[in-house]
Amino acid sequence: MAQVVAVSCSEQHVFSKQPARQIELIKGEGVVGDAHRGVTVQHRSRVAKDPSQPNLRQVHLIQQELIDELQGRGFAVEAGTLGENITTQGLDLLALPTGSVLAIGETVRIEVTGLRNPCAQLDRYQQGLTAAVLDRDEHGQLIRRAGVMGIVLHGGPVQAGDSIAISLPALPYSPLVPV
């Protein structure tokens with residue numbers, strides 16, 4: 001069963017987010033008290049390019065399975081370390097098509113907009129972490145494993161233990177790309 005195992009947020013633009021008992025999501029904006037909350041882009045590099053862009057990165061989700069793998073490879077990471085707001089378990093986030101909707105708990109709905117593009121901040125946190133979340137498929141295409149980004153369709157509280165259900169978009173599916 002897919003579920004939330006941890007939630008995190010940070011009011012400042014820092015790499016890691018602080019674990020929380022619960023976070024509150026606001027429709028069209030993101031996580032209350034998080035630096036990346038907003039209708040328009042909030043990531044500093046994107047604001048510098050065009051501050052009027054829509055914020056497709058309101059919520060960052062990562063699989064606990066990735067964190068477990070990284071720990072097994074010697075990296076000191078845990079929920080929130082990689083900057084995610086929601087840590088999931090039992091759900092292959094990276095296999096979802098663009099436009100999938102995650103129903104979390106009783107009220108929250110998040111539309112998956114794309115992949116998180118791993119950046120140099122990972123290596124500044126721990127050397128080798130960027131390479132550890134990148135891979136190549138059998139055709140040599142880059143696989144980004146640092147989680148997915150989404151927008152809030154319907155807000156509400158999210159906490160560890162909340163169930164996650166998936167609604168897929170209409171066919172044909174569009175694969176996730178970095179946003």
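Before you click, a word on pairing: two strands pair if DSSP finds at least two bridges between them. The strands themselves (E, at least two residues) and the helices (H or I, at least four residues) are DSSP runs, numbered from the N terminus. This is a predicted model, in which local features need pLDDT of at least 70 and side-chain atom pairs count only at pLDDT 80 or more, while totals for chains, interfaces and linings use all residues. Residues are numbered from 1 along each chain as its sequence is written, and side-chain values use heavy atoms, with hydrogens and water left out.

**Stop one: β1 and its partners.** Select Val7, which stands opposite Ile86 in β6. Val7 also stands opposite Ala20 in β2. Now widen the selection to the strands: β1 and β6 pair in the antiparallel sense over four bridges, and three bridges join β1 to β2, also antiparallel. β1 is mostly covered, with five of its seven residues buried (buried means under 20% relative accessible area, exposed over 50%, and partly exposed in between, with a 1.4 Å probe and protein chains only).

**Stop two: the whole sheet.** In what order do the eight strands of the open sheet come? Follow β2-β1-β6-β5-β11-β8-β7-β13, with mixed pairing. β2 (18–20) and β13 (164–167) stand at the edges with a single partner strand each, so one side of each is left without a neighbour in the sheet. On average, neighbouring strands of this sheet are turned by 35° against each other, direction ignored.

**Stop three: the nonpolar core.** A nonpolar core is a set of buried Ala, Val, Leu, Ile, Met, Phe, Trp, Tyr and Cys residues joined through side-chain atoms within 4.5 Å. The largest one has 24 residues, and Leu25, Ile86, Leu102, Ile104 and Val158 have the most contacts inside it. β8 gives the most to this core, with four residues. Apart from it lies another core, of 13 residues, among them Ile62, Leu66, Leu70 and Leu122.

Zoom in on Val158. Leaving aside neighbours within four places in sequence, Val158 is in contact (heavy atoms within 4.5 Å) with residues including Val4, Val7, Ile86 and Ile104.

**Stop four: Arg145.** Is Arg145 buried or exposed? At 16% relative accessibility, Arg145 counts as buried. Find Arg145 in the loop between β10 (142–144) and β11. Its side chain reaches the backbone oxygen of Ala132 at 2.6 Å. Not counting residues up to four places away in sequence, Arg145 also touches Leu66, Glu69 and Asp135, among others.

**Last stop: cysteines and a proline.** The structure holds zero disulfides, a disulfide being a pair of cysteine sulfur atoms within 2.5 Å. Cys9 is in none, and the nearest cysteine sulfur, that of Cys119, is 19 Å away. Cys119 is partly exposed, with a relative accessible area of 31%.

Finally, go to Pro172, in the segment after β13. Most peptide bonds are trans, but the one from Leu171 to Pro172 is cis, with omega near 0°.

Notes
Axes fitted to C-alpha atoms, helices over the stretch in contact; angles between N-to-C directions. Polar contact = N/O pair within 3.5 Å; in protein donor to acceptor, adjacent residues only side chain to side chain.
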